[in-house]
Amino acid sequence: MSSFLVLWDVDFTLVNASGVGRHLYRAAFADLYGRELPVVADGASMAGRTDRAIALDVLELAGVPDPRGQVSRFEAALGRLAPGVTGMVAASAKPLPGAEAALAALAELPGVVQSLLTGNVRPLAEAKLAPLGLTAHLDLDVGAYGNQHEIRSELVHVARDRAAAAYGRDFGGQATVLVGDTPLDVEAALATGARAVAVATGQFSLAELEAASPHAVLPDLTDTAAVLAAVLAGLGDYQPRPA
């Protein structure tokens with residue numbers, strides 16, 4: 001089988017983190033500015049967006065002067081405080097049905113590299129996944145994270161370059177596969193020639209995801225064989241096992 005790179009989104013693709021991200025934004029804002037995050041900023045849209053883009057909105061809505069000049073400082077606070085939410089994750093977050101089995105099944109295949117393409121900064125992504133046992137099959141060092149660019153499609157290039165350097169393989173075209181729950185995940189894949197697999201486990205319906213024109217759409221990750229087929233169908237030498 002050819003080499004391929006599977007890049008997973010985190011929130012509502014692999015895990016329901018039960019509001020941990022918003023909690024961390026409030027904590028980081030209070031840590032830096034000594035006041036509560038204003039309600040108008042607390043409602044900034046997060047679905048499918050990078051922490052850099054979200055942070056810019058949050059800081060602007062909160063009335064912080066020079067939000068672009070402050071964003072790196074805010075991202076650093078998110079990363080610094082993220083380990084403190086692992087207890088909250090362990091207590092209230094849940095892996096989405098089928099996520100662990102899908103990760104394990106892909107890890108058994110030759111040539112597979114799995115990592116993350118997520119809007120989260122890396123420490124937050126790890127804080128959401130590690131307490132739930134979802135990092136064992138992921139090479140987090142070759143992933144791309146939300147503080148590295150505010151535009152999600154740019155993160156695909158980051159991950160491909162890192163994976164190519166680490167593994168000495170070419171992950172161009174549909175040898176890179178993005179799995180996510182929002183039209184922005186699909187858009188990032190299509191903009192970079194990657195394969196797009198959408199899962200309707202977040203706020204977007206199957207119909208809404210289909211409208212974004214992914215290569216495959218799944219209702220969830222519970223059918224492991226269907227996940228493998230959707231992820232790997234872009235590779236000509238993949239043949240699904242008979243049922």
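Visitor: Which residues of helix α6 are buried?

Guide: In this predicted model, helix α6 (residues 99-107) has A99, A102, L103, A105 and L106 buried.

Visitor: What makes you say that these buried residues line one face of α6?

Guide: Looking down the axis of α6, the buried residues fall within an arc of 165°, so they line one face of the helix. As background, an α-helix has 3.6 residues a turn, so residues three or four places apart point the same way. Among the elements covering the buried residues of α6 are β1, β4 (112-116) and α11 (224-232).

Visitor: Let's turn to the sheet. What is the order of its strands?

Guide: The order is β4-β1-β5-β6-β7, in an open sheet of five strands with parallel pairing.

Visitor: Why are β4 and β7 called edge strands?

Guide: Because β4 and β7 (216-218) each pair on one side only, they are the edge strands. From one strand to the next, the twist averages 20°.

Visitor: How do you know that β1 and β5 pair?

Guide: Pairing requires at least two bridges, and four bridges join strand β1 (residues 4-8) to β5. The two therefore count as a pair, and they run parallel. One detail to look for is V6, whose bridge partner in β5 is V177.

Visitor: What joins β5 to β6, and β6 to β7?

Guide: Four bridges link β5 to strand β6 (residues 195-199), and V177 stands opposite R195 in β6. Three bridges link β6 to β7, where V217 is the bridge partner of A198. Both counts meet the requirement of at least two bridges, so these strands pair too. In each case the strands run parallel.

Visitor: What makes a right-handed β-α-β unit here?

Guide: The unit consists of β5, helix α9 (residues 183-191) and β6. Its crossover is called right-handed because, with the strands pointing away from you, the path from β5 over α9 to β6 runs clockwise.

Visitor: Why is strand β5 described as largely enclosed?

Guide: Five of the five residues of β5 (residues 176-180) are buried, so the strand is largely enclosed by the rest of the structure. Both faces are covered: T176, L178 and G180 are buried on one side, and V177 and V179 on the other.

Visitor: Why is T176 called buried?

Guide: Buried means under 20% relative accessible area. T176 has 0%, so it is buried. Leaving aside neighbours within four places in sequence, T176 is in contact with L5, L7, V156, R160, F171, A194 and R195.

Visitor: How do helices α1 and α4 pack?

Guide: Helix α1 (residues 20-33) and helix α4 (residues 67-81) pack at an angle of about 120°, with their axes 9 Å apart. The residues making this contact include L24, A28 and F29 of α1 and R73, F74 and A77 of α4. α1 passes α4 in a right-handed crossing.

Visitor: What about α3 and α4?

Guide: The axes of helix α3 (residues 51-61) and α4 come within 9 Å and cross at roughly 120°. This crossing is right-handed. Where the helices meet, the residues include A55, L56 and L59 in α3 and V71, F74 and L78 in α4.

Note on methods: Residues numbered from 1 in each chain as written. Predicted model: local features only at pLDDT ≥ 70, side-chain atom pairs only at ≥ 80, totals over all residues. Heavy atoms only, no water. Buried < 20%, exposed > 50% of the residue type's maximum accessible area, 1.4 Å probe, protein only. Arc of directions from axis to C-beta. Contact = heavy atoms within 4.5 Å. Axes fitted to C-alpha atoms, helices over the stretch in contact; angles between N-to-C directions. Left-handed = near helix turned anticlockwise from the far one by under 90°.
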